[in-house]
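Hello,

Here is the structure I said I would pass on. Please open it first, then read my notes below.

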Amino acid sequence: MNLAKSAADKLTTATHEKLARFIDAQVGIQLPAHKKSLIEARLRKLQSQSDFGSLGEYIDYVTQRGSNAEVLTMIDALTTNKTDFFREPAHFKVLTDELPRLIQKGRPLRIWSAGCSSGEEPYTIAMVMEEFCRNHSSVDFEIVATDISAQCLATAQRGIYPSARIEPVSESLRKRYLLRSRDPSKSLIKMSETLQQRITFSSFNFITGDFSQFKAFDVIFCRNVMIYFDAAQRARLLNLFRQQLVMGGVFFLGLSEGISAERNQFEQLSPSAYKRVI
């Protein structure tokens, strides 16, 4: 590859627009013009690992003839997967407060972590639920965790994280649910089998996926995901999520997100936490 040529090969407006239409159709993620430099930097890394002499050639190949794996690799590079354990901690207080109302006899409580990224959110939910079950032995639960990113799902399924990642987790929860590496030279933490057996990880595309494949959920977390979609897509997704919630079920969005036109279908419990009422 001619590196000098590659460095000079900028993402043109026409190529950016073509890429934006392709990614929108694939997963609904918006790639506005003001992010062109960021898009170019992220895709340049993938191009440098390929045999394509220009960024335009690489984009043309993936968008026109790329395999599903190559398309997903591109999508992974273009999406930001920022997450933490106990992110937006007030949500987990709301969850705990709502659990007595949500529990149904004869079946497990069902929770969906939609857009679970690298797994910190569903593992946090599992810890919160396990703590609740310590005082309510008759309660059972299951967690479905989905994401479009194959790389993130692989990390989530392994359940192994750098020790620095678990800083938000209390000492008592660490002792009960987290395992330190036996190799002292490796600063790694593994999620316990108790947590892992509660969670089913799978790939799901919000734009092309069939929401009806899932049983109804009592709780849905879809936080910091809607910001990537346009207004029409957000309205469609909110309706689909609402349909997947049991009546009275709880829906969590990110703090920067909200429900406006659909407000009559939900009752707000706290900032970015809602109960289905219609």
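The charged end of Arg198 sits over the ring of Phe141, 4.0 Å from its centre. A charge counts as over a ring if NZ of Lys or CZ of Arg is within 6 Å of the ring centre and within 35 degrees of the ring normal. Arg110 does the like with Phe217: its charged end sits over that ring, 4.5 Å from the centre.

A word on the source. This is a predicted model, where local features need pLDDT of at least 70, side-chain atom pairs count only at pLDDT 80 or more, and totals for chains, interfaces and linings use all residues. Residues are numbered from 1 along each chain as its sequence is written, and side-chain values use heavy atoms, with hydrogens and water left out.

Now the rings. Rings of Phe, Tyr and Trp (its six-membered ring) pair if their centres lie within 6.5 Å; planes under 30 degrees apart are stacked, over 60 edge-to-face, and the rest tilted. The count comes to 24 aromatic pairs. One of them is Phe221 with Phe252, which is stacked, at 4.4 Å centre to centre and 20° between the planes. Phe221 lies in strand E7 (residues 217-221) and Phe252 in strand E8 (residues 245-252), so the pair ties together parts that are 31 residues apart in sequence. Helices (H or I, at least four residues) and strands (E, at least two) are DSSP runs, numbered from the N terminus. Phe221 is buried at 0% relative accessibility. Phe252 is also buried, at 0%. Buried means under 20% relative accessible area, exposed over 50%, and partly exposed in between (1.4 Å probe, protein chains only). Ring pairs also build a cluster, whose members include Trp112, Phe217 and Tyr274.

Next, strand E1 (residues 109-114). How many of its six residues are buried? Six of the six are. In a regular strand the side chains alternate between the two faces of the sheet. Here Leu109, Ile111 and Ser113 point one way, and Arg110, Trp112 and Ala114 the other way.

Which strands does E1 run parallel to? Six bridges join E1 to E2 (residues 141-147), running parallel. Two strands pair if DSSP finds at least two bridges between them. The bridge partner of Leu109 in E2 is Phe141. From E1 the chain crosses through helix H7 (residues 120-135) to E2, and this β-α-β crossover is right-handed. That means that, with the strands pointing away from the viewer, the path from the first strand over the helix to the second runs clockwise. E1 is also joined to E7, by three bridges and again parallel. There, Ser113 has Phe221 as its bridge partner.

H7 itself is mostly covered, with 13 of its 16 residues buried.

There is also an open sheet of three strands, in the order E3-E5-E4, with antiparallel pairing. E3 (160-162) and E4 (178-180) stand at the edges, each with a single partner strand, so one side of each is left without a neighbour in the sheet. Three bridges join E3 to E5 (residues 188-191). Tyr161 stands opposite Ile189 in E5.

Last, two backbone angles. Most residues other than glycine have a negative phi, and most peptide bonds are trans. Phe86 has a positive phi, near 55°. Phe86 is found in the loop between H5 (68-78) and H6 (90-102), and is buried at 18%. Ser117 has a positive phi too, near 55°. The loop between E1 and H7 holds Ser117, which is buried at 5%.

Best wishes
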